[in-house]
Amino acid sequence: MSILKKLALAAGLATALSSAAMAADGMTVGFSQIGSESGWRAAETSVTKSQAESRGINLKFADAQQKQENQIKAIRGFIAQGVDAILVAPVVATGWEDVLNEAKEANIPVVLLDRGIDGPEDLYLTSVASDQVKEGRVAGQWLVDTVKDKDCKVVELQGTVGSTPAINRKKGFEEAIAGSKNITIIRSQTGDFTRSKGKEVMEGFLKAENGGKGICALYAHNDDMAVGAIQAIKDAGLKPGSDILVVSIDGVPDIFTAIAAGEANATVELTPNMAGPAFDALAAYKKDGTVPPKFIITESKLYTAADDPKGEYERRKGLGY
Amino acid sequence: MNRSLRPLLATVVIFLIAYAAAVFQFPGLLSTRVLGNFLTDNAFLGIAAVGMTFVIISGGIDLSVGAVIGFTGVLVAVLITWLGWHPLAAFAAAFVVAAAFGAAMGLVIHYLEVPPFIVTLAGMFLARGGASVITQDSVPIDHPFYSAISSLYWRLPGGGRLSFVGLLMVAVFVVGAIVAHRTKFGSYVYALGGNATSASLMGVPVARTTVQIYTLSSVLACLAGIVFSLYTSAGYPLAAVGVELDAIGAVVIGGTLLTGGYGFVFGTFVGVMLLGLVQTYIIFDGTLSSWWTKIVIGFLLFLFIVLQRLVFAASARGDRVAEKA
């Protein structure tokens with residue numbers, strides 16, 4: 001028993017010492033990332049690291065390799081270390097209550113990045129995410145403004161069937177074109193968010209639409225599918241960007257190359273900088289207790305050939321996309 | 001000292017040295033919070049690894065463990081959330097399904113003389129596929145009984161938590177050690193792994209023991225699945241992918257011989273704690289890629305395989321010397 005007590009005492013002393021040492025430095029923030037399954041997520045990780053560095057934040061990074069149990073372990077590890085705040089990009093929506101309650105009891109604010117959770121809102125300080133419906137709307141609005149009152153038949157490459165971004169980006173685009181009777185979606189199929197599927201499905205669209213003569217524009221739910229489709233349009237002997245307008249979402253480096261070459265017309269950026277607004281909110285909260293809004297929506301910025309696509313490519317190519 | 005205890009001793013010594021070195025760098029690692037987390041966060045892995053220890057001591061392998069954990073989580077979640085069952089009834093149903101599943105694998109392994117690797121690989125595909133057919137999404141479990149057990153813990157001095165699931169894992173290890181080292185079934189398992197032919201000549205009921213071993217492994221995997229669903233309050237068909245490999249790793253690092261006939265349940269416990277320590281260290285460091293966990297585990301595995309070779313070669317020589325004398 002006495003050994004146990006001594007051990008506990010030593011443990012308590014050790015925690016006290018380590019937390020005292022941490023208070024002296026800048027803010028320490030733990031970041032539990034899902035993994036690096038897509039280029040965008042890799043970019044999010046590198047942007048988060050550089051944002052932390054530029055603010056003098058000591059970032060503890062844990063890659064969960066797509067596993068929730070690893071994320072829970074990482075969050076518990078951060079709590080045990082006594083970090084000042086925790087960022088989480090949750091891999092699934094369920095199962096966070098226990099561990100986030102522990103963080104709450106330890107008075108460590110939690111910020112969710114780019115995905116939400118099922119659970120009481122008081123478990124986290126705020127969440128930073130994009131509005132996917134708005135992304136679709138911005139893309140649709142660009143088309144409405146570009147074709148004006150000309151007739152325009154649109155083919156749509158959807159994301160993975162049933163996935164939230166696919167549903168929301170479709171919904172937003174349809175909302176934006178609802179007022180324009182001259183714009184109609186004639187074909188819509190899934191390209192699974194991949195380049196190869198995007199190319200394959202676009203080839204099908206072109207064949208079905210008389211070699212593509214009837215198609216005025218392509219709307220792809222992500223840039224990768226658009227890049228694949230551009231290849232298919234070129235193979236069919238048409239000019240992407242002029243014969244068929246191309247608009248897509250995400251803002252990956254390759255689409256900026258395509259825009260610079262005149263082969264794509266517009267992209268709506270899903271910014272990988274979710275951490276910047278999160279750090280701002282945390283800094284304000286730590287300073288004078290300012291409680292940020294529960295949902296911080298990132299900007300859905302439209303980029304066209306007028307927005308220096310070459311420069312945008314250069315800025316993004318090193319981020320890990 | 002008894003030579004056969006050397007691999008176990010090596011595991012314990014390596015764990016203590018590694019822990020001391022980690023604490024030296026990050027004093028925060030020596031807190032009741034971290035020690036409590038070791039138990040809670042690795043509870044499902046530890047429970048599954050106990051079953052795996054029996055399988056490996058008997059000279060077999062069970063690749064279906066991770067998939068059974070995932071399947072159990074989904075089954076329990078669906079029974080509770082969609083069909084409104086009481087969690088205890090859902091647990092009972094899951095245990096029955098898992099026991100039948102394990103027994104079937106044991107029967108095929110023994111009577112059709114198919115290598116356990118292939119049979120349990122098929123079992124893995126069946127269980128993972130079955131879970132994904134039931135649902136592709138994560139099914140939340142929202143039941144007062146569930147939240148009551150998942151938030152059941154005792155506070156330790158220093159802010160740590162000794163959770164129910166952590167204690168459950170310790171209990172499974174204690175019972176597992178008693179069964180392995182103090183019961184007839186345990187001695188049959190060792191005999192089977194030493195040499196199946198001579199075991200049957202000595203009167204070990206090989207068929208019954210094989211079926212019991214794989215049933216035990218699946219039942220413990222099912223318990224691990226329940227613990228996992230308590231851990232995340234949800235059932236997810238892709239949960240615990242690859243946990244069988246972590247369990248095998250923990251068993252081997254714990255000093256159990258992959259060829260069977262030799263090993264300790266307690267060694268597996270130290271193996272699981274060592275895996276947990278590596279992960280926790282990398283989280284505390286915060287700059288290393290988490291894939292270093294895999295590299296360190298790979299290195300440890302290699303080290304222990306070499307170590308076992310050396311120890312057993314040395315003890316074989318020692319035996320010959322003893323015979324001559």
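Helices (H or I, at least four residues) and strands (E, at least two) on this tour are DSSP runs, numbered from the N terminus. The model is predicted: local features need pLDDT of at least 70, side-chain atom pairs count only at pLDDT 80 or more, and totals for chains, interfaces and linings use all residues. Residues are numbered from 1 along each chain as its sequence is written, chains are lettered from A and ligands numbered from 1 in the order in which they are written, and side-chain values use heavy atoms, with hydrogens and water left out.

**Stop 1**

Select Lys199(A) and Glu203(A). They form a salt bridge (a side-chain nitrogen of Lys or Arg within 4 Å of a carboxyl oxygen of Asp or Glu), and their closest N and O atoms are 3.4 Å apart. Being four residues apart in helix 7 of chain A, the two are separated by about one helical turn. Both can be checked for accessibility, where buried means under 20% relative accessible area, exposed over 50%, and partly exposed in between (1.4 Å probe, protein chains only). Lys199(A) is partly exposed at 27%, and Glu203(A) is partly exposed at 28%.

**Stop 2**

Arg195(A) lies in helix 7 (residues 195-208) and Asp224(A) in helix 8 (residues 223-235) of chain A, so the pair ties together parts that are 29 residues apart in sequence. Arg195(A) counts as partly exposed at 35% relative accessibility, and Asp224(A) as partly exposed at 26%.

Now select Arg137(A) and Glu175(A), whose side chains meet in a salt bridge at 3.0 Å, N to O. Arg137(A) belongs to helix 5 (residues 132-147) of chain A and Glu175(A) to helix 6 (residues 164-177) of chain A, so here the linked parts are 38 residues apart in sequence. Arg137(A) is partly exposed, with a relative accessible area of 35%, and Glu175(A) is partly exposed at 37%. Over all chains, the rule counts 25 salt bridges.

**Stop 3: Asn182(A) in its loop**

Move on to Asn182(A), in the loop between helix 6 and strand 7 (183-190) of chain A. Is this residue buried or exposed? At 15% relative accessibility, Asn182(A) counts as buried. Draw a distance from its side chain to Lys148(A): a polar side-chain atom of Asn182(A) lies 2.8 Å from the backbone oxygen of Lys148(A). Then show the residues in contact with Asn182(A) (heavy atoms within 4.5 Å). Leaving aside neighbours within four places in sequence, they are Val147(A), Lys148(A), Asp149(A), Lys150(A), Asp151(A) and Cys152(A).

**Stop 4: two domains of chain A**

Colour domain 1 (26-130 + 272-290) and domain 2 (132-270 + 305-317) of chain A separately; the bounds come from an automatic or database domain assignment. Their centres, taken over C-alpha atoms, are 32 Å apart. Four residues from domain 1 of chain A and four residues from domain 2 of chain A make up the contact. The buried area (accessible area, 1.4 Å probe, that two parts lose on being put together, summed over both) is about 350 Å² here, with carbon and sulfur atoms giving 57%. On the domain 1 side, select Trp40(A), Ser130(A) and Pro272(A): they lose the most area to domain 2 of chain A, together 95% of what that side buries. How many salt bridges does the rule find across this interface? Between domain 1 and domain 2 of chain A it finds zero.

**Stop 5: where chain A meets chain B**

Finally, show both chains. Here 31 residues of chain A are in contact with 39 residues of chain B, and the chains bury about 3000 Å² between them, 54% of it on carbon and sulfur atoms. In chain A, pick Gln65(A), Lys73(A) and Arg76(A), which lose the most area to chain B, together 19% of what that side buries.

The rule finds four salt bridges across this interface. One to display is Arg155(B) with Glu105(A), where the closest N and O atoms are 3.1 Å apart. Helix 1 (2-24), strand 2 (58-63), helix 3 (68-81) and helix 4 (97-105) of chain A each supply at least two residues of the side that touches chain B. Helix 3 of chain A gives the most to that side, with 12 residues.

Key. Polar contact = N/O pair within 3.5 Å; in protein donor to acceptor, adjacent residues only side chain to side chain.
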